[in-house]
Amino acid sequence: PPSLQFLLMTLGPSLVALAWFDKLAVKEKLGTIGRCFVVFGRVPLFYYILHLFLIHGMAVVVAMAWGQPYEWLLHGGFFPSQPPPGYGHNLPFIYGMWALAVGILYFPCKWFMELKARRRVWWLSYL
């Protein structure tokens, strides 16, 4: 386990920075990229749940498009198993798929962020 000194030196400045960033006015001081980070930061669990389904669907579609084995992705429980031979892509392709997934998820996350701002329902704050 991490030592108390390590936790204090990493979490302490992080919490101070978080409090400072929280005071910034989103539209006044942050640029376009900062506003994008705010969108994802206001709906983290919503993003997390959506990204699991999106990335799994993208993996199946890409495997089918490139003629790779994809059946093992359809049965669930694929994390502990090894991928079959011939499955995989290079690192630039993976980064491209990551950027595509983040770009796709921006729009539903922005919609949900605006929904949370319009409707003050207690359970929406947990997503």
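Visitor: Which residues form one aromatic cluster?
Guide: This is a predicted model, in which local features need pLDDT of at least 70, side-chain atom pairs count only at pLDDT 80 or more, and totals for chains, interfaces and linings use all residues. Residues are numbered from 1 along each chain as its sequence is written, and side-chain values use heavy atoms, with hydrogens and water left out. Rings of Phe, Tyr and Trp (its six-membered ring) pair if their centres lie within 6.5 Å; planes under 30 degrees apart count as stacked, over 60 as edge-to-face and the rest as tilted. One aromatic cluster is formed by F40, Y47, Y106 and F107.

Visitor: What kind of aromatic pair do F40 and Y47 form?
Guide: The whole structure holds 7 aromatic pairs. For F40 and Y47, the centres are 5.2 Å apart and the planes make 70 degrees, so the pair counts as edge-to-face.

Visitor: Is F40 buried or exposed?
Guide: Buried means under 20% relative accessible area, exposed over 50%, and partly exposed in between (1.4 Å probe, protein chains only). Y47, at 22%, counts as partly exposed. F40 has 18% relative accessibility, so F40 counts as buried.

Visitor: What kind of aromatic pair do W111 and F112 form?
Guide: W111 is partly exposed at 48% relative accessible area, whereas F112 is buried at 5%. Their ring centres are 6.2 Å apart with 45 degrees between the planes, and the pair is tilted.

Visitor: Which backbone oxygen does the side chain of K116 reach?
Guide: K116 lies in helix 5 and, at 18% relative accessibility, counts as buried. At 2.9 Å, its side chain reaches the backbone oxygen of R42.

Visitor: How many helices and strands does the protein chain have?
Guide: Helices (H or I, at least four residues) and strands (E, at least two) are DSSP runs, numbered from the N terminus. Along the sequence the pattern is α-α-α-α-α. The protein chain has 5 helices and 0 strands.

Definitions and conventions. A polar contact is a pair of N or O atoms within 3.5 Å; within protein, one must be able to donate a hydrogen and the other to accept it, and residues adjacent in sequence count only if both atoms are side-chain atoms.
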